Amino acid sequence: MKIAVLSGKGGTGKTLLALNLASVADKASYLDCDVEEPNGHLFLKPKIQFVEPVEVKMPRINEEKCTGCRKCIDFCRFNALAYVNHSIKVFEDVCHSCGGCTLVCPENAITERNKTIGKIEKGLSENVKVSTGILNIGEASGVPIVKQLIESEASNDELVIIDAPPGSACIVMESIKDADYCVLVAEPTIFGTQNLSMVHELVELFKIPFGVVLNKCLNHDNPAENYCNDHKISIIGKIDYSQELAALSSRGELVSRTNTHYQTLFKTILNRIVEEVAYETTSRT
Amino acid sequence: MKQLLVLSGKGGTGKTTVASALIQLSHAKAFADCDVDAPNLDLVMHQRCEPIKTDYFGMPKAIIHEEVCIECGQCQSQCRFDAITYNQFNETYQVNLNACEGCGVCELICPVDAIHLESLVDGQMLLYKDERVFSTAKLKMGSGTSGMLVTRVKKQMMEEEIDTNIAIIDGSPGIGCPVIASISGVDYVLIVAEPSLSGISDMERIISTASGFGVKTFVCVNKYDVNTEYTDKIEGYAKRKHLEFVGRIPYDVEAVKAINQGNTIVDIDCASGRAVGQIYETIKNKL
């Protein structure tokens, strides 16, 4: 079972929830897909067992074969190729690795080489298998890292918790597309609510069953809660704002491992999700 | 016009809260929200006019014309983005528009010319224009290309000839393409850091990213009292990197109330608003 945790807005508590759901399960895999700013490992502190590089294909021009016809430049929709000083120059930052230039070259002058854009670290932290995607600084897109991360945990037997990046763009879509259930984490501000509405639209578009966890709840009107009620979205959990929780989290403490109150709270949320997934599966078949 | 971009690396540290306060304090006549896949600045800027809306076309996407397709499957095998799937029920090849990056490889190799790339509306650019110019956008869900839209949002703001010393830009979290697109060409970056293990790790990554552009960078800490030890660490880190540390903002329940009423934190009298006021006094002489 794959559960993705997302939020649209950053800092609402995706990582807090994803980590604690994984840690209260008997056994789980935690995938950190926030490859631009991965943080889960700071809390889980896994013993790293192995590291695999993530590579993409980059065009390599054979200068001797190249006749300067520029068909590759005309083809490339990402403007990643240019003719400078009588040779083809590759702008690797904007290349999407589509391979089109190698196909279009009439002289077979373009081959491909591998370029490392980041890595995946795999390790173990008590009952949790931890996989962290890390994008190298200066690289534009972490999508290939997310793809490789999700493929590496393709088995459906175990519980996989996917910690998605903020936003609602391509990298978020890649992170959630194979999920059986999405948890949307929302904070009680109009900022959080506007972004909740965006990811709500996204999960509806992807037709993935979902529920909302309200985080940082304060003793006053909660616009995110009102949004859920207005749209008949099920609220599967509530976490109150607490200075203690904020302080513990700031130091990288995994609260469900040290505090029975939080252990019970996250266990209840996890059970609720498992029930919802079971219900969705039976009602679909 | 000088451009100040507010970034953070980690999400939710308070970029929009700080950016909106700085817009009010500096009486900036031009500002933009470059967090195009989770925009929020519009909620607190009290626009008094209707926006001018322009359709945004991202990369064109592949469309397969079924009546011409001979189902050879070459497009599917060459697509590096797994965007072409075979639908067994109606026996057709189809493009998953969420996955298609518009590279044109399928169009190139199709032996019967059944595939064409077509531009689709991927979102909307919004421009509010009265005595101030506010450029923002809404990305259509599922369309993806946010880096390109960030560039357009900034360009839309810069093309308005408005007499102002400073333009303030609210950025997006992370260090990838939308952030890189937003840093490109700005004069100053203000990083809003958060005093936590995660916040420090993310701040170090965004500072490395920004330093690649050689932009003058300021650092401040929001919710500093959540962990003063880490706040000190952030200040120390900034100094070691020769970046200017410009202030500390306390955690403030009043800030949540102000935002939820559609106000910035300097529209009311509150501790966080006063702290951003001091930050503005510190940086305004350096702009």
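**Strands, sheet and helix packing**

Me: Which residue of β9(A) does A:Ile3 stand opposite?

Reply: This is a predicted model. Strand β1 of chain A, residues 2-6, pairs with β9(A) in the parallel sense over four bridges. Within β9(A), the residue opposite A:Ile3 is A:Tyr181.

Me: How many of the residues of strand β9 of chain A are buried?

Reply: The strand covers residues 181-186 and is mostly covered. A:Tyr181, A:Val183 and A:Val185 point one way, while A:Cys182, A:Leu184 and A:Ala186 point the other way. Buried here means under 20% relative accessible area. The residues on both sides are buried, and the count is six of six.

Me: What is the bridge partner of A:Val183 in β10(A), and through which helix does the chain cross from β9(A) to β10(A)?

Reply: β9(A) and β10(A), the latter spanning residues 210-217, run parallel and are joined by five bridges. In β10(A), A:Val183 has A:Gly211 as its bridge partner. The path from β9(A) to β10(A) is a right-handed β-α-β crossover, and its helix, residues 190-205, is α7 of chain A.

Me: How do the residues of the contact of α7(A) with α8(A) divide into nonpolar, polar and charged?

Reply: The axes of α7(A) and α8(A), residues 223-230, come within 8 Å and cross at roughly 35°. On α7(A) the contact residues are A:Ile190, A:Thr193, A:Leu196, A:Ser197 and A:His200, and on α8(A) they are A:Pro223, A:Ala224, A:Tyr227 and A:Cys228. They divide into six nonpolar, three polar and no charged.

Me: In chain B, which strands stand at the edges of the open sheet?

Reply: The open sheet has nine strands with mixed pairing, in the order β3-β8-β9-β2-β10-β1-β11-β12-β13. Two of its strands each have a single partner strand, so one side of each is left without a neighbour in the sheet. On average, neighbouring strands are turned by 20° against each other, direction ignored. The edge strands are β3 (52-57) and β13 (244-249).

Me: At about what angle does helix α7 of chain B run to β13(B)?

Reply: Helix α4 of chain B, residues 146-158, lies across β1, β2, β3, β8, β9 and β10 of that chain and runs at about 160° to β9(B). Helix α7 of chain B, residues 228-240, lies across β11, β12 and β13. Its angle to β13(B) is about 165°.

Conventions. Residues are numbered from 1 along each chain as its sequence is written. Chains are lettered from A and ligands numbered from 1 in the order in which they are written. This is a predicted model: local features need pLDDT of at least 70, side-chain atom pairs count only at pLDDT 80 or more; totals for chains, interfaces and linings use all residues. Side-chain values use heavy atoms; hydrogens and water are left out. Buried means under 20% relative accessible area, exposed over 50%, partly exposed in between (1.4 Å probe, protein chains only). Two strands pair if DSSP finds at least two bridges between them. A crossover is right-handed if, with the strands pointing away from the viewer, the path from the first strand over the helix to the second runs clockwise. Axes are lines fitted to C-alpha atoms, for helices over the stretch in contact, and angles run from 0 to 180 degrees between N-to-C directions. Contact means heavy atoms within 4.5 Å. Ala, Val, Leu, Ile, Met, Phe, Trp, Tyr, Cys and Pro count as nonpolar, Asp, Glu, Lys and Arg as charged, and the others, Gly among them, as polar.
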